[in-house]
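Here is a short note to read alongside the model.

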Amino acid sequence: MNYLIWKLNHAEIRRLCVSTSYFEHGYHCWFDLKEYVDAHTDLKYEKGDDINKLLDALSQTDYVSTMVSLANHFQSKVYEGHPPPDSEINVRSFFESLFGEELR
């Protein structure tokens, strides 16, 4: 593993991989989760709604699944095919990394 990897924080690496995937899919600005859902899906979500139901619904959409897969691909490349154990990016960790907040 190269020197750069050892000096960076894993959470920051994840955030960069997620952000790259997000921008690769043509999104040009940051949102919070509600703004993202309202602007890019037909789903209805209000803060305080069951986040797990929303994340399940988002995981069923092709473009979210593709973004998550691409973020995992980037992360694997950074770690030269050997990312840390339990570091796979899922829909929850994707949106938490993207919006910088824990989803509850």
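1. Contact here means heavy atoms within 4.5 Å. By that rule Tyr 36 touches Tyr 22, Tyr 27, Phe 31, Thr 41, Tyr 63, Val 64, Met 67, Phe 95 and Phe 99, with residues up to four places away in sequence not counted.

2. On provenance: this is a predicted model, local features need pLDDT of at least 70, side-chain atom pairs count only at pLDDT 80 or more, and totals for chains, interfaces and linings use all residues. Residues are numbered from 1 along each chain as its sequence is written, and side-chain values use heavy atoms, with hydrogens and water left out.

3. The protein has six helices and zero strands. Helices (H or I, at least four residues) and strands (E, at least two) are DSSP runs, numbered from the N terminus. The order from the N terminus is α-α-α-α-α-α.

4. The largest nonpolar core holds 23 residues. Such a core is a set of buried Ala, Val, Leu, Ile, Met, Phe, Trp, Tyr and Cys residues joined through side-chain atoms within 4.5 Å. Leu 33, Tyr 36, Leu 58, Val 64, Phe 94 and Phe 95 touch the most other members. H2, H3, H4, H5 and H6 each give two or more residues to this core. H6 gives the most, with five.

5. Which residues of H5 are buried? They are Val 64, Met 67, Val 68, Ala 71, Asn 72 and Gln 75. They lie on the same side of H5, because they cover an arc of only 135 degrees around the axis. The arc is that of the directions from the helix axis to the C-beta atoms. Buried means under 20% relative accessible area, exposed over 50%, partly exposed in between (1.4 Å probe, protein chains only).

6. The buried residues of H5 pack against helix H2 (10-24), helix H3 (33-40), helix H4 (51-59) and helix H6 (91-99). The face turned away from the buried side of H5 carries exposed Asp 62 and Lys 77.

7. Just after H5, Glu 80 takes a positive phi of about 50 degrees.

8. Now the whole chain. Buried residues make up 37% of the 104 residues. Among contacts between residues at least 6 apart in sequence, 59% join residues at least 24 apart. The C-alpha trace spans about 45 × 25 × 20 Å along its principal axes.
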